[in-house]
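Hi,

Here is the structure I promised to pass on. Have a look at it first, and my notes follow below.

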Amino acid sequence: PRQMQNRSIILVISFFLFLSVTQGLHFFINEGDTRCFIEEVPKDTLILTKWKATLQPENQYQPRKTLSFVVTVTDPQEAVLIKKDVSSEGRIAFTSHEGGEYKVCIVTSGRYFGNSAQIKIEFNLDTGADAFDYDEIAQVEHLTDLQIELRRLNDKAFEIMKEQSYLKAREILARDESESVNGQVMWWSIAETIVLVASGVWQNFYLKNYFKQKKLV
């Protein structure tokens, strides 16, 4: 019964984790082109990007056998955090120092001779708990399958709570900005009304004096 209970717990945990698995993607790019990806994350969130590039078709002859790229990472203020020459396969990990949109760009070298070659890139961008290597954690801390699944679920729950707090703060900021704009619009409308009323009163007073001077009234 205890083993069946543990197995049931693992199945339930695995089901919820399956719903949050980050899917990789692949795309084709020509030499000299740039492809960027944007991920919005809260503060203190681990971001892991992995890639693997191959020439298309794979048996195509090229003067150089290795592909080279430049990977750049910019923060929400568009400041460059990382700019690194990398090979055809690798990974870069960093932690967000503030909440917002982080942009990861892959720039191909474009140094081949002859016609521009097409490159296939398999790309993964994981954040938060999805970026942790739980196999390595299990080996280092000598955790069982159940313990590592519980750790994974706990980390995922923490990331969800952190993201909810971040979204709540963004909502409060957006609401404050909206209220500020609405207040400015209201005061502008009041000022406009006062100007129109004052202008009407002045025109009425001016016309009365004008007609009296001309003895029209």
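Four strands make up an open sheet, ordered 2-7-4-5, and the pairing is antiparallel. (Helices, H or I with at least four residues, and strands, E with at least two, are DSSP runs numbered from the N terminus; two strands pair if DSSP finds at least two bridges between them.) Strand 2 (34–41) and strand 5 (80–87) are the edge strands, each pairing on one side only. Ignoring direction, neighbouring strands of this sheet are turned by 15° against each other on average. (Axes are lines fitted to C-alpha atoms, for helices over the stretch in contact, and angles run from 0 to 180 degrees between N-to-C directions.)

Within the sheet, six bridges connect strand 4 (residues 68–74) and strand 7 (residues 100–108) in the antiparallel sense. Phe69 has Thr108 of strand 7 as its bridge partner. Ser109 counts as partly exposed because its relative accessibility is 25%. (Buried means under 20% relative accessible area, exposed over 50%, and partly exposed in between, with a 1.4 Å probe and protein chains only.)

Before going further, the ground rules: this is a predicted model, where local features need pLDDT of at least 70 and side-chain atom pairs count only at pLDDT 80 or more, while totals for chains, interfaces and linings use all residues. Residues are numbered from 1 along each chain as its sequence is written, and side-chain values use heavy atoms, with hydrogens and water left out.

Now the aromatics. The structure holds four aromatic pairs. (Rings of Phe, Tyr and Trp, the last by its six-membered ring, pair if their centres lie within 6.5 Å; planes under 30 degrees apart are stacked, over 60 edge-to-face, and the rest tilted.) One of them is Phe27 with Phe37: the ring centres are 5.5 Å apart and the planes are at 50°, so this pair is tilted. It links distant parts of the chain, with Phe27 in strand 1 (residues 25–30) and Phe37 in strand 2, 10 residues apart. Phe27 is buried at 7% relative accessibility, and Phe37 is buried at 16%. Phe37 and Phe123 have ring centres 4.3 Å apart and planes at 15°, so they are stacked. Because Phe37 lies in strand 2 and Phe123 in strand 8, that pair ties together parts 86 residues apart in sequence. Phe123 is buried too, at 2% relative accessibility. Ring pairs join Phe27, Phe37 and Phe123 into a cluster.

On to the helices. Helix 2 (134–141) and helix 3 (145–213) pack at about 125°, with their axes 10 Å apart. That makes helix 2 oblique to helix 3 (under 35 degrees is roughly parallel, over 145 roughly antiparallel, 65 to 115 roughly perpendicular, and the rest oblique). Tyr134, Ile137, Ala138 and Glu141 of helix 2 make the contact with Ile148, Arg151, Arg152 and Asp155 of helix 3 (contact means heavy atoms within 4.5 Å).

Most residues other than glycine have a negative phi. His142, in the loop between helix 2 and helix 3, has a positive phi near 55°, and it counts as exposed at 69% relative accessibility. Asp44, in the loop between strand 2 and strand 3 (46–56), has a positive phi of about 60°.

Cheers
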